[in-house]
Amino acid sequence: MYKLLLRPLFFLADPEKIHHFTFSLVKITSRIPGLKSIYRSLYVLEDKRLERNIFGLTFKNPVGLAAGFDKNAVLYNELANFGFGFIEIGTVTPKGQSGNPKKRLFRLKEDQGIINRMGFNNEGLDAAIIKLKKNKGKLIIGGNIGKNTATKPEDYTKDYLACFNALHPYVDYFVLNVSCPNVSSHAKLNDKDYLEELIGEVQKANLTFTAQKPILLKIAPDLNEGQLDEIIALVKTTNLDGVIASNTSVDRDGLKTSRATLEAIGNGGLSGQPIKEKSTQTIKYLSEKSGKAFPIIGVGGIHSAKDALEKINAGADLVQIYTGFIYEGPSLIKQINKALLK
């Protein structure tokens, strides 16, 4: 029903406006007596064989929702009814910010992709915590954290620490988002020496809590082999808990969408089917070159069960969807889990 009826209607509207509309729709319909049970009967597949124990956490199934969809932790309880094994909220920054000027979200229908330059738009740390206090414990929640756009380079670490310390009681794992192409001072966030400093400071903060939370690094899909070798060395040196591969891409090669359309859209991070192979190859390289030394969450271009299995066979322990969720609908989660059971 989604692809035949709802998606054509949704795709007639502005992508960002329809995103907010669908949030309201899911929120309202989930309150209607009986509909939550219908959602769960349609989309949730529960089987002990799907469970994964990664980072010391037990995931009901290995299919998660990537960061960027539920930025402000508004809908995670309702999204649990669509069968996800975990949901990553954020990117959360210390202070709320409006992000980049609109229009900033674009569909590439011919390529089954999306270009965004949202710029970490979110309501801020305090607003996220208020909503996370309503967590009903249905599934694992990840906290994707970043810096405010206006923050000076010497204060980047303070921003990450503010988010880490405040969110620590409310999320199950953390993701340091240093690879988003839509934020300022991208270069410093990818500097190896700075990353060692940032990770070290966050890990020190982690030790001040009675129970430590896993810390992951989200990397770009555009890294060459030398840069991936540096990531492997960084994970080993800092004892990071894992890597998410990958974020959005700045590459535009091989797209069906016309050059004129792409020039009109401008800069931004590309997600969806166009980055599927690049993401899978990144996972494969990290897994094989490191000797499977650390867990990997695979994300990028998963639009089918086959796509998800390719990521897992390449070395991913868990997978996340975002653009595929928009193009394929909520049935995708169950399709992937069914394929895993086979």
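Modeller: Two strands are said to pair if DSSP finds at least two bridges between them. The model discussed here is predicted. With that criterion in hand, β6 and strand β7, which spans residues 113-116, pair in the antiparallel sense over four bridges. Within this pairing, Leu-108 has Gly-113 of β7 as its bridge partner.

Taken together, three strands form an open sheet in the order β6-β7-β13, with antiparallel pairing. Its edge strands are β6 (105-108) and β13 (269-272), each of which pairs on one side only. Neighbouring strands of this sheet are turned by 25 degrees against each other on average, with direction ignored. In general, strands of a sheet pair through backbone hydrogen bonds, either parallel or antiparallel.

Leu-270, whose place is in strand β13, counts as buried because its relative accessibility is 2%, and the cut-off for buried is under 20%. Leaving aside neighbours within four places in sequence, Leu-270 is in contact with Leu-108, Ile-114, Ile-115, Thr-248, Ser-249, Asp-251, Arg-252, Leu-255 and Ile-275. One of these, Arg-252, is 18 residues from Leu-270 in sequence and 7.8 Å from it in space, C-alpha to C-alpha.

A parallel arrangement is found elsewhere in the model, around strand β4 (residues 86-92). Seven of the seven residues of β4 are buried. Two bridges join strand β3 (residues 63-65) to β4, and these strands run parallel; Leu-65 stands opposite Ile-87 in β4. Six bridges join β4 to strand β9 (residues 140-145), again running parallel, and Ile-89 stands opposite Gly-143 in β9.

Helix α8 (residues 192-207) has 16 residues and reaches 23 Å from its first C-alpha to its last, close to the 22 Å expected at 1.5 Å a residue. In α8, Tyr-194, Leu-195, Leu-198, Ile-199, Val-202, Ala-205 and Asn-206 are buried. These residues lie on the same side of α8, because they cover an arc of only 125 degrees around the axis. An α-helix has 3.6 residues a turn, so residues three or four places apart point the same way. On the other side of α8, Asp-193, Lys-204 and Leu-207 are exposed. The N-terminal end of α8 is capped by Asp-191, which has a side-chain oxygen 3.2 Å from the backbone nitrogen of Asp-193.

In helix α12 (residues 305-314), the buried residues include Ala-305, Asp-307, Ala-308, Lys-311 and Ala-314. The buried residues of α12 pack against α11 (276-290), β14 (296-299), β15 (318-321) and α14 (331-341). After α12 comes Gly-315, whose phi is positive, near 130 degrees.

Definitions and conventions:
Residues numbered from 1 in each chain as written. Predicted model: local features only at pLDDT ≥ 70, side-chain atom pairs only at ≥ 80, totals over all residues. Heavy atoms only, no water. Expected span 1.5 Å × (residues − 1). Buried < 20%, exposed > 50% of the residue type's maximum accessible area, 1.4 Å probe, protein only. Arc of directions from axis to C-beta. Polar contact = N/O pair within 3.5 Å; in protein donor to acceptor, adjacent residues only side chain to side chain. Axes fitted to C-alpha atoms, helices over the stretch in contact; angles between N-to-C directions. Contact = heavy atoms within 4.5 Å.
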